[in-house]
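Take a moment with the model below. This report walks through its helices, its charged pairs and its surface.

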Amino acid sequence: MAILEKVVKNQILTELLAWLWRGLVERAIKLLREVSQESIKNHKELRNLTNYLERNSGCIPCYALRKKLGLRTSSSPEEYANDLLVSHRQKQHGMRWSPDGSTSLATLTALCRNCEDHQWLLNQSIRFTFPEPKQVQPAA
């Protein structure tokens, strides 16, 4: 939404996604800052994207490495879980929720779905288990 010409936008987007795929967020931010003024259609949108990347740089992984290690590179399972746990309940009858109320509902629903509610109420602890990552086969 920030770039004027479609061809330029596609070139920038291709390079931007390549940097982000490699987890090189600082390089992606640098690319956005180097966009020529003549190519910018909406300075606010460009600033919003740059600010988003700066704020979340610590949370943006190297997807190339995750793929090589056999780890997930999308958040689809988490988004689906959120839909099951929270969104369906919160969207009924035009309900409005505060951020604290939404977080509390998600937490309680997740505890109940994972059969951890008794463990939490009695001991205020939760058992965490993580799936084993896929083994990477060495290149021949």
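A residue counts as buried with under 20% relative accessible area, as exposed with over 50%, and as partly exposed in between. Glu 34 has a relative accessibility of 46%, so Glu 34 is partly exposed. Keep these cut-offs in mind, as they return below. Note also that this is a predicted model.

**The overall build**

The protein chain has 140 residues, and 18% of them count as buried. It holds seven helices and zero strands. Read from the N terminus, the order of elements is α-α-α-α-α-α-α.

**How the helices cross**

Two packed helices are described by the angle between their axes and the distance between the axes. Start with helix H1, residues 6-21, and helix H2. Their axes come within 7 Å and cross at roughly 160°. Angles over 145 degrees count as roughly antiparallel, so H1 is roughly antiparallel to H2. The crossing of H1 and H2 is left-handed.

Now take H2, residues 25-33, with H3, residues 43-56. Here the axes come within 10 Å, and the crossing angle is roughly 165°. H2 and H3 are therefore roughly antiparallel as well. Their crossing, too, is left-handed.

**Charged pairs**

Side chains of opposite charge can pair when their charged atoms come close. How many salt bridges does a search of the whole structure find? The search finds two.

| Salt bridge | N to O distance |
|---|---|
| Lys 30 with Glu 34 | 3.8 Å |
| Arg 33 with Glu 54 | 2.0 Å |

**A nonpolar patch**

The surface also carries a nonpolar patch. Leu 65, Leu 69 and Leu 71 form this patch. Together they have about 230 Å² of accessible area. Where does Leu 69 lie? Leu 69 sits in the loop between helix H4, residues 63-68, and helix H5, residues 76-90. With a relative accessible area of 36%, Leu 69 is partly exposed.

**Later in the chain**

Asp 83 belongs to helix H5. Its relative accessible area is 39%, so Asp 83 is partly exposed. Along the chain, Asp 83 and Ala 106 are 23 residues apart. Their C-alpha atoms are separated by 10.0 Å.

Leu 111 is part of helix H6, residues 99-113. Is Leu 111 buried or exposed? At 8% relative accessibility, Leu 111 falls under the 20% cut-off, so Leu 111 counts as buried. Leu 111 and Leu 121 are 10 residues apart along the chain, and their C-alpha atoms are separated by 10.0 Å.

Methods: Residues are numbered from 1 along each chain as its sequence is written. This is a predicted model: local features need pLDDT of at least 70, side-chain atom pairs count only at pLDDT 80 or more; totals for chains, interfaces and linings use all residues. Side-chain values use heavy atoms; hydrogens and water are left out. Patches are made of residues with over 30% relative accessible area and no salt bridge: like charges are joined within 9 Å, nonpolar side chains (Val, Leu, Ile, Met, Phe, Trp, Tyr) within 5 Å. Accessible areas come from the Shrake-Rupley method with a 1.4 Å probe; for residues, only the protein chains shown count as cover. A salt bridge is a side-chain nitrogen of Lys or Arg within 4 Å of a carboxyl oxygen of Asp or Glu. Helices (H or I, at least four residues) and strands (E, at least two) are DSSP runs, numbered from the N terminus. Buried means under 20% relative accessible area, exposed over 50%, partly exposed in between (1.4 Å probe, protein chains only). Axes are lines fitted to C-alpha atoms, for helices over the stretch in contact, and angles run from 0 to 180 degrees between N-to-C directions. Angles under 35 degrees count as roughly parallel, over 145 as roughly antiparallel, 65 to 115 as roughly perpendicular and the rest as oblique. A crossing is left-handed if the near helix is turned anticlockwise from the far one by less than a right angle, and right-handed if clockwise.
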